[in-house]
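Subject: Structure for you to look at

Hello,

Here is the structure we spoke about. Please open it alongside this note; what I found follows below.

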2 protein chains.
Amino acid sequence: MSMGKTGQQTLVFENKPGVLGFASIVGQKEYEGPLGDGFDMTLPKDDTWGEDSWEKAECKMFAEAVKMAAGKAGLKTTDLQALMGGDLLNQIISAGFAAPQIGAPFLGLYGACSTMAESLLIAASMVNAGYLDNAACATCSHFSTAERQYRNPLEMGAQRVPVAQWTVTGAGCTILGASGGNPVITHGTIGKVIDYGIADANNMGAAMAPAAYDTLKTHFTDTGRNPGDYDLIVTGDLGLFGTQALKDLLKEDGIELPNHFDCGVNIFDTENQDVHGGGSGCGCAASVLNSYLLTKLQDGTLNRILFMATGALLSPTTTLQGETIPSVAHAVVIERSN
Amino acid sequence: MSMGKTGQQTLVFENKPGVLGFASIVGQKEYEGPLGDGFDMTLPKDDTWGEDSWEKAECKMFAEAVKMAAGKAGLKTTDLQALMGGDLLNQIISAGFAAPQIGAPFLGLYGACSTMAESLLIAASMVNAGYLDNAACATCSHFSTAERQYRNPLEMGAQRVPVAQWTVTGAGCTILGASGGNPVITHGTIGKVIDYGIADANNMGAAMAPAAYDTLKTHFTDTGRNPGDYDLIVTGDLGLFGTQALKDLLKEDGIELPNHFDCGVNIFDTENQDVHGGGSGCGCAASVLNSYLLTKLQDGTLNRILFMATGALLSPTTTLQGETIPSVAHAVVIERSN
């Protein structure tokens, strides 16, 4: 058993913790998108899902995604040795209030929309090291809770700028285990927080692209790999404009990214679904990973991906106080086991 | 090198990651308390600390505590292989905005007032397993930012109920390293989220006591230890009323806790400083650990403590929506190395 680090920021998981089960839940709009068939469950048209509030519906999404994923892994939620995750709401209340329903020891995380990758990275490191036999990694977001917390009351009907992204109503959970899982996680690159001076809270893709660039470059340097070593380089929710910004930054270094896949660009039909720059939110990368991507890794369509979720670490308070937007990107390598 | 878990929720750190450096910063009121002499730095009477806002002052406290602790460890902040932490503000902006100033890879955590213990637990597990040579664990809180975010505008002068606790203006950082540190961290118990049905957001000690009880009982069962194995059983910020609740719960099981020390009770003179139930906030346990407690462990006054910080995972939104208060407690064993 050898464990450790390669390069500056990349952890190596030699015991290859693997995916025992995964599940996703999305809203109607996401179901109507190009990846709609792959999700396990869709909310009814009324996105309160029978609850008193959108926040309670979002919490229910988190809890149900974990329960479904545990079930697919052949585990009761009480068998889970840890639950790691968070969400976009103040004090990560979706995760925090779902946790007692799950009953597993809980590590609350906040990485904004990078949380799915952050939870996989920490869980893989703990499972790989032998501390835990399994761990659930989960996150979620909800259009209606995010809009009213971060932007405007929905009733106001505020017009959205062209670079704005649409917060995905979605939840995803991956159950990692010490043995028997497929695909497996082999590396994790912990991102640095990068502030490129972007102050427009409506253009989060642009704010997050420099963090994605930094983590990607570090990952390649740390591992000695290049984009061709991956079937897909997946980003969380850079959207149309952030994706372009990332490609422009890489181009300056002579790096092309032909095999790039942004969950925010792909979860919606950006031409016909009126989402402007694409999808965003913790639940975007989480629901796409825990449906389309892990399915393709299991059926052999994909062999190895770099899953990198980006998070903009702003708050409405920092925006009002005139601050720019620091962002972070964490990445994990997920590949089919031999 | 043997790593793993004992019992249900307790990780064992056999390579004994140790404390390379630690630092604390507090406000005037905390400096005037019984532990005032032990803190490294005190804010001026104006708690904006020369910044435009209290939030920016809180962020500066976080950054300065990390810089000071790294300096004491003989490290530049750029030598830090990871920064793990969070705070009470929405989207953990104190930590997120301090991170680019530090420049280390960043894992954002949210465990409310349990964050200091959560960060030590995750960092110790990663350092112990060989992924990282060192890691900075930090958290903070600020009376003026917490009051206006969680309660009322300060200008309103709202009267406080007798069980209310006073949010500590404080920050603390511990630098853990793979070798050469003293004291060392030998175990970590990951807490479950417990909701005992307490709905009074002004009585967080009562809401958190059942989580502390659950983690403490689990820790004793997992390790085969009892209170007598520790010089101190430290809780974060149960305050006067939460401490009594914890003792009452343990008494039903026939467990006495004579060597108990609550940071919230001890940071202020609860009789003369008009703080009602005592101190609270992430910065309470963080500043007391990274001054008084670690100093006593280094000078030999204390040999082994259980450091358990508790967090109430509520938000103003959940309180307004009539929810009860789920809470969590994480614990780490810190002892003098031989």
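I begin with a lysine. A:Lys217 has a relative accessible area of 28%, so the residue counts as partly exposed. Bear in mind throughout that this is a predicted model.

**Salt bridges**

Over all chains, the structure holds 18 salt bridges. A:Lys217 takes part in one of them, with A:Asp253 as its partner. The closest N and O atoms of that pair are 3.1 Å apart. The pair links distant parts of the chain, 36 residues apart. A:Lys217 sits in helix H6 (residues 204-223) of chain A. A:Asp253 lies in the loop between helix H7 (239-252) and strand S12 (260-262) of chain A. A:Asp253 is partly exposed too, because its relative accessibility is 35%.

A second bridge in chain A joins A:Lys60 to A:Glu51. Here the closest N and O atoms are 3.6 Å apart. A:Lys60 has 25% relative accessibility and so counts as partly exposed. A:Glu51, with a relative accessible area of 29%, is partly exposed.

In chain B, look at B:Lys56 and B:Asp52. They form a salt bridge, with the closest N and O atoms 3.6 Å apart. Which of the two is buried and which is exposed? B:Lys56 is at 18% relative accessibility, so this residue counts as buried. The cut-off for buried is under 20%. B:Asp52 reaches 71% and therefore counts as exposed.

There is also a network in chain A. Salt bridges with shared partners join A:Glu147, A:Arg151 and A:Arg160.

**Helix H3 of chain A**

H3 spans residues 93-102 of chain A and is mostly covered. Eight of its 10 residues are buried. These are A:Ile93, A:Ser94, A:Ala95, A:Gly96, A:Phe97, A:Ala98, A:Ala99 and A:Ile102.

What covers them? From chain A, the cover includes helix H2 (54-72) and strands S5 (83-87), S6 (106-108) and S7 (134-141). Chain B contributes as well, through helix H10 (316-320). After H3(A) comes A:Gly103, with a positive phi near 85 degrees.

**How the two chains relate**

Chain B superposes on chain A by a rotation of 180 degrees, with 0.0 Å of shift along the axis. The RMSD is 0.0 Å. The two copies are thus related as by a two-fold rotation axis. The same surface serves both copies: 100% of the contact residues of chain B recur in chain A. Within chain B, B:Leu109 comes closest to the rotation axis, its C-alpha being 2.1 Å away.

**The interface**

Between them the chains bury about 4700 Å², and 65% of that is on carbon and sulfur atoms. Three residues supply 18% of the area that chain B buries against chain A: B:Gln91, B:Phe97 and B:Tyr131.

Polar contacts are another matter: 28 residue pairs between the chains make them.

Best wishes

Terms used:
Residues are numbered from 1 along each chain as its sequence is written. Chains are lettered from A and ligands numbered from 1 in the order in which they are written. This is a predicted model: local features need pLDDT of at least 70, side-chain atom pairs count only at pLDDT 80 or more; totals for chains, interfaces and linings use all residues. Side-chain values use heavy atoms; hydrogens and water are left out. Buried means under 20% relative accessible area, exposed over 50%, partly exposed in between (1.4 Å probe, protein chains only). Helices (H or I, at least four residues) and strands (E, at least two) are DSSP runs, numbered from the N terminus. Contact means heavy atoms within 4.5 Å. Copies are superposed by least squares on the C-alpha atoms of residues with pLDDT of at least 70 in both. Buried area is the accessible area (1.4 Å probe) that two parts lose on being put together, summed over both. A polar contact is a pair of N or O atoms within 3.5 Å; within protein, one must be able to donate a hydrogen and the other to accept it, and residues adjacent in sequence count only if both atoms are side-chain atoms. A salt bridge is a side-chain nitrogen of Lys or Arg within 4 Å of a carboxyl oxygen of Asp or Glu.
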